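Please look through the sequence and the structure shown here before reading on. The report that follows goes from the overall fold to the ligand site and then to the confidence of the model.

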Amino acid sequence: MSMSLLRTLSAACVLLCAAGCVSSSRNPDPADVLPTPEQTAWQKMEYYMFVHFGPNTFTGSEWGSGEESPEVFDPEALDCRQWAATARAAGMKGIILTGKHHDGFCLWPSGQSTHTVRESGWRDGKGDVLRELSDACREYGLKFGVYVSPWDRNHPAYGTPAYNEVFAAMLREVLTGYGDIFELWLDGANGEGPNGKKQVYDWELFHETIRACQPGAVIFSDVGPGCRWLGNERGEAGETCWSRLDIAGFGPGLDAPPADTLNRGNVFGAAWVPGEADVSIRPGWFYDPSSDGEVKSVAELFDIYCTSVGRNANLLLNVPADRRGRIPAPDSVRLMELRSVLDATFADNLAAGAQVADADGNAVPVVSDGDYETFRTARGRKETLELTLREPKTFDLLLLQEYVPRGQFIAAWNVEYLDAGGEWRQFAAGTTVGYKRIVRFGSVTAQKIRLNITDAFGAPSVSEIGLYRAAL
Ligand code: FUL
């Protein structure tokens with residue numbers, strides 16, 4: 001066979017293979033579905049505060065009708081610096097405020113509405129909660145985000161195409177008047193307006209408006225595109241939790257995928273839409289004096305931390321401001337207790353300084369160095385990393401991190417320890433890892449442990465392996 005014929009044949013072969021690959025591989029390659037730098041920065045925030053505040057705070061309602069007099073809004077001792085100081089001391093990285101809830105009341109003097117702080121008479125109609133909180137967040141080194149409910153039970157245009165323009169203009173006010181916004185929280189609720197009509201939302205217009213005003217903001221909704229709802233309000237991501245999700249053909253609210261899909265993601269999902277676990281520290285989202293004795297316990301909050309941050313999701317913990325306009329004492333005390341437990345638990349990685357070796361005996365020091373940016377990429381889809389601790393240690397909590405800017409690949413893993421008789425014994429196992437995975441188990445004392453990645457959708461990159469003793 002001549003060289004030129006050989007070349008022609010192999011070129012034809014390449015073309016055929018390429019065509020064949022396209023038609024036979026229906027799933028996107030997980031290595032091609034990656035976070036944007038903004039999504040990675042967002043994921044690293046891990047834990048931040050939600051504050052529900054508005055007329056409902058004063059009426060004891062969860063969903064205001066929109067017919068409340070604006071005058072009910074009267075927080076006589078509002079102090080957003082106290083909110084920010086509390087969030088910061090709690091180790092939270094930002095605050096998201098309900099700028100407008102379903103009742104339509106705007107916590108800023110919107111030019112698009114006559115149902116706002118301006119009409120309330122509070123501070124002679126010159127108050128602006130968004131201004132005070134965004135300033136306080138800057139002062140305390142926190143990021144600032146806003147929830148703006150598309151559903152509006154007050155606005156007369158709700159239920160007509162004109163409302164989409166009104167809502168986009170409201171977004172513009174919020175997104176251009178208060179500095180950087182790290183996250184825009186778009187609820188999917190779609191009920192009747194004051195005219196008895198439901199709105200057909202123009203999501204494309206809303207997203208374009210947000211992108212134009214704040215290109216760095218992560219957009220939350222049931223289906224992202226920046227981050228997604230996890231299908232429950234308990235702060236619980238799936239034990240299997242992929243950051244990939246199929247969103248084509250879906251939308252927020254009634255058009256969302258089933259809750260269990262949101263909870264776990266799609267292994268071959270075509271878009272990177274990581275999960276955010278929203279949950280309230282009290283039974284309701286808004287403050288109600290009757291719930292002062294029902295603030296979640298520190299044990300419940302630690303569990304929530306492990307089922308959200310510890311399952312590849314961010315934790316958005318709601319701490320409602322009270323009628324004075326302050327974070328109430330029982331809630332802030334609980335936040336500080338949780339902080340102490342988290343600090344005491346994660347202060348000392350018992351695997352720090354361990355000798356780590358791959359299956360060929362090569363040293364892999366980067367997975368126990370406390371630096372997320374250094375990672376080990378496996379040669380194939382499986383990997384075993386063996387850790388020899390400086391001395392035998394007792395631990396009951398494992399932390400794993402995958403380097404997600406390269407993609408999320410790990411689908412099954414287990415960890416074993418070498419017992420006194422020289423036998424390897426499994427003490428924990430799981431499926432996904434993602435940005436962070438935390439697993440608790442009965443105490444183990446050992447000097448040698450190994451992580452076995454037994455299934456992955458590409459060569460996984462392990463960033464950190466940590467062993468700890470839970471302080472609770
Ligand atoms: C829901 C709302 O209907 C609730 O009132 C609350 O704001 C929650 C965070 O989102 O969809």
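## Fold and ligand site

In this predicted model, eight strands form a closed barrel in the order 1-2-3-4-5-6-9-10, with parallel pairing (strands pair if DSSP finds at least two bridges between them). Neighbouring strands of this sheet are turned against each other by 25° on average, direction ignored. Strand 6 (residues 227-229) and strand 9 (residues 275-280) run parallel and are joined by two bridges, and Arg 228 stands opposite Gly 275 in strand 9. Strands are DSSP runs of type E of at least two residues, numbered from the N terminus.

Around the ligand (a heavy atom within 4 Å) are residues including Phe 50, His 101, His 102, Tyr 147, Glu 233 and Asp 278.

| Residue | Distance to ligand oxygen |
|---|---|
| His 52 | 2.7 Å |
| Trp 63 | 3.1 Å |
| Asp 187 | 2.5 Å |

Taken alone the ligand exposes 290 Å², of which the protein buries 89% (Shrake-Rupley areas with a 1.4 Å probe).

The mean pLDDT (the predictor's confidence in each residue, from 0 to 100) is 95, and 95% of the residues reach 70 or more. Over residues 1-24, however, pLDDT stays under 50. Where pLDDT is low, the predicted coordinates should not be read in detail.

Residues are numbered from 1 along each chain as its sequence is written, and side-chain values use heavy atoms, with hydrogens and water left out. Local features need pLDDT of at least 70 and side-chain atom pairs count only at pLDDT 80 or more, whereas totals for chains, interfaces and linings use all residues.

Terms used: Contact = heavy atoms within 4.5 Å. Helix = DSSP H or I, 4+ residues; strand = E, 2+ residues; numbered from the N terminus. Axes fitted to C-alpha atoms, helices over the stretch in contact; angles between N-to-C directions. Polar contact = N/O pair within 3.5 Å; in protein donor to acceptor, adjacent residues only side chain to side chain.
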